[in-house]
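Here are a few friendly notes to read alongside the model. Please keep the 3D view open as you go through the points.

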Amino acid sequence: MQNEQVKPNFEFVALMASLMSIVALTIDAILPAIADIGIAINSLDPTRNQLLVTMIFLGLGVGQLFFGPLSDSLGRKPIVYFGFTIFLIASVICLFAPNLEIMLVGRVLQGVGLSAPRTISISIIRDTYKGDYMAKIMSFVTAFFILVPIVAPAIGKTIMHIMGWQGIFYMQLFFALVVGIWFWKRQDETLNPDYKVKFSFGIFLKGTKEIFKYKETVSCTMISGLITGSFLVYLSSAQHVFEELYGLTETFPYVFAGLAFSVGISTLLNGTLVLRFGMRNLSFLALVMFTSLALCYSFIFWNSEDPGLVVLLTFLSLLFLCLGFIWGNMRSIAMEPIGHIAGIGAAITGFVSTILAIPISIFVGGFIEDSVWALFAGLGVCGLLSILLFLAFKTRPLFANNHIYTN
């Protein structure tokens, strides 16, 4: 039953955020340990070791392509349980990996497993809410979810000092177990029996055809991929940039936390402002600001040395403030017309945006060796393309006086 005027239930928001947070914990907690992991598995190239972050997104993209449709057939809850099982097996592979290649297999499988709770949480939200209220819930969930990246590197570094890098994987498994039991005990099945669809590979084709009927869904999915890809460059290179280029080996977790806090603040603000100004208006303004900041940095520091730490953090903080108004709203706009196929819709849109993000991250990340300039150039180009897509395929006018009803 979808709700438009019901206040968010705190436990529901917290549970959905926790399902998503396992992904963030699995990615961000190992950031301070990447160098140690590389030494343990005889991989000393920092550029190659960035794949430990990037490749989990490959698993997230591929996994959700199957788990979404399966959830439309079997229900939301069984798919989440199956995903947690895969995650358990993948974590064991990572713990005992003898080299980078096996470790990457484990990381891809971790992504496959975690794609289930990540995708299904979005489907559950779409099952339950719609319109700007769905965007409101998504913003609160994302704001809650952002708390994990804020603390994850610090937690990972603490655990690494006590138990070694393997302890980080044990911690992830414990968190997954707690969230899995909570989900089992407290969350009801949300798939309407009337919307159940028998699983077949043909539904991928049907779902894709249905999605392509809605040009705004397609454009916002591509925008999500572009913005996520540019952010993934930062995420995969953050340890190298702050610890090696700026010498912040001990303070890296706190710098990372501060930047993540910027995203959390703006995401929370989006949750309170979206009903007043509309998700399209907020996300478009944020895209313009995001692109302007990235291009401004690129022009100022073209062919010159990296600026001081304060300047770098100022630009990154402002950029990340914009992200909080982009991610949740873009996903909500994309999902709004396809609630009747929420499972396959979330799967296909999530797959496309993730698969689009990975080559962007790998390509741009390869240029970040002695300078962070390529990071901002990549952010600027992706932002500019996103603005063009948004304007070309928007279906409703921006900044209308009756935005609450036209969004």
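1. Let us begin with a term: a salt bridge is a side-chain nitrogen of Lys or Arg within 4 Å of a carboxyl oxygen of Asp or Glu. Side chains of opposite charge can pair when their charged atoms come close. A search of the whole structure finds seven salt bridges.

2. A word on the source. This is a predicted model, in which local features need pLDDT of at least 70 and side-chain atom pairs count only at pLDDT 80 or more, while totals for chains, interfaces and linings use all residues. Residues are numbered from 1 along each chain as its sequence is written, and side-chain values use heavy atoms, with hydrogens and water left out.

3. Now look at R76. Its side chain meets that of D72 in a salt bridge, with 2.8 Å from N to O. R76 also meets D127 in a salt bridge, at 2.8 Å from N to O. This second pair links distant parts of the chain, as R76 is in helix 5 and D127 in helix 6 (residues 100-128), 51 residues apart. Helices here are DSSP runs (H or I, at least four residues), numbered from the N terminus.

4. Are these residues buried or exposed? Both R76 and D72 are buried, and D127 is buried too. Buried means under 20% relative accessible area, exposed over 50%, and partly exposed in between, using a 1.4 Å probe and protein chains only.

5. Another pair to find is R280 and E336, which form a salt bridge with their closest N and O atoms 3.1 Å apart. R280 lies in helix 12 (residues 279-300) and E336 in the loop between helix 14 (327-335) and helix 15 (342-365), so the pair ties together parts that are 56 residues apart in sequence. R280 and E336 are both buried.

6. Next, turn to helix 10 (residues 215-245) and helix 13 (residues 309-323), whose axes come within 13 Å and cross at roughly 150°. Axes are lines fitted to C-alpha atoms, for helices over the stretch in contact, and angles run from 0 to 180 degrees between N-to-C directions. Helix 10 and helix 13 are therefore roughly antiparallel to each other; that label applies to angles over 145 degrees, whereas under 35 counts as roughly parallel, 65 to 115 as roughly perpendicular and the rest as oblique.

7. Finally, find L88 in helix 5 (residues 76-95). With 45% relative accessibility, L88 counts as partly exposed. L88 and F175 are 87 residues apart in sequence and 11 Å apart in space, C-alpha to C-alpha.

Technical notes:
Helices (H or I, at least four residues) and strands (E, at least two) are DSSP runs, numbered from the N terminus.
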